[in-house]
Amino acid sequence: SSDTVHRSLRRRFDGGDPDVHAAMLELGVQAARARRAIEDGDVVLLGAAMNRSFDLRASMIEIDATQQMLIDLGRTSNAAVNSAGSGGSVIGLARRPEDVATLRAAYERSGFEFLAID
């Protein structure tokens, strides 16, 4: 459960784990980049922040194989993708409107549901 993962991560943080501390600091940087990107309408910067924040999360905790598959499917379909939490879903950002159809096809081919939000 997410409680177990977060409790373990908190213990590592409180214990001074340098990798966790560094990743948490960089997550703050990525959040600031994402905010700036949203304010400026910069899809490229927002996508980079989304991808990097997931990679930081994956550096600190074990990622479920299905969750990683969802991330990889989106990224190989030219989207920025991040975990939407620990519930087996992701959120993706298609860089171009025409990439949405490719993204949808990749997920549906693999048996996943897809919801596009404009």
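**Briefing: fold, surface and Phe112**

Among contacts in the chain (heavy atoms within 4.5 Å) between residues at least 6 apart in sequence, 45% join residues at least 24 apart. The structure is a predicted model, in which local features need pLDDT of at least 70, side-chain atom pairs count only at pLDDT 80 or more, and totals for chains, interfaces and linings use all residues. Residues are numbered from 1 along each chain as its sequence is written, and side-chain values use heavy atoms, with hydrogens and water left out.

**Fold**
- Five helices and two strands make up the secondary structure elements of the chain; these are DSSP runs numbered from the N terminus, helices being H or I with at least four residues and strands E with at least two.
- Their order from the N terminus is α-α-α-α-β-β-α.
- Along the principal axes, the C-alpha atoms fill a box of roughly 45 × 35 × 20 Å.

**Burial and surface**
- The chain has 118 residues, and 31% of them count as buried, that is, under 20% relative accessible area with a 1.4 Å probe, protein chains only.

**Charge**
- There are 14 positive (Lys and Arg) and 17 negative (Asp and Glu) side chains, with His and the chain ends not counted.
- The centres of the two sets lie 2 Å apart, each charge being placed at NZ of Lys, CZ of Arg, CG of Asp or CD of Glu.

**Phe112**
- Phe112 sits in the segment that follows α5 (99-109).
- Beyond its neighbours within four places in sequence, Phe112 contacts Thr66, Met69, Leu70, Leu73 and Tyr107.
- Ser53 is 59 residues from Phe112 in sequence, and their C-alpha atoms are 23 Å apart in space.

Conventions
Buried means under 20% relative accessible area, exposed over 50%, partly exposed in between (1.4 Å probe, protein chains only).
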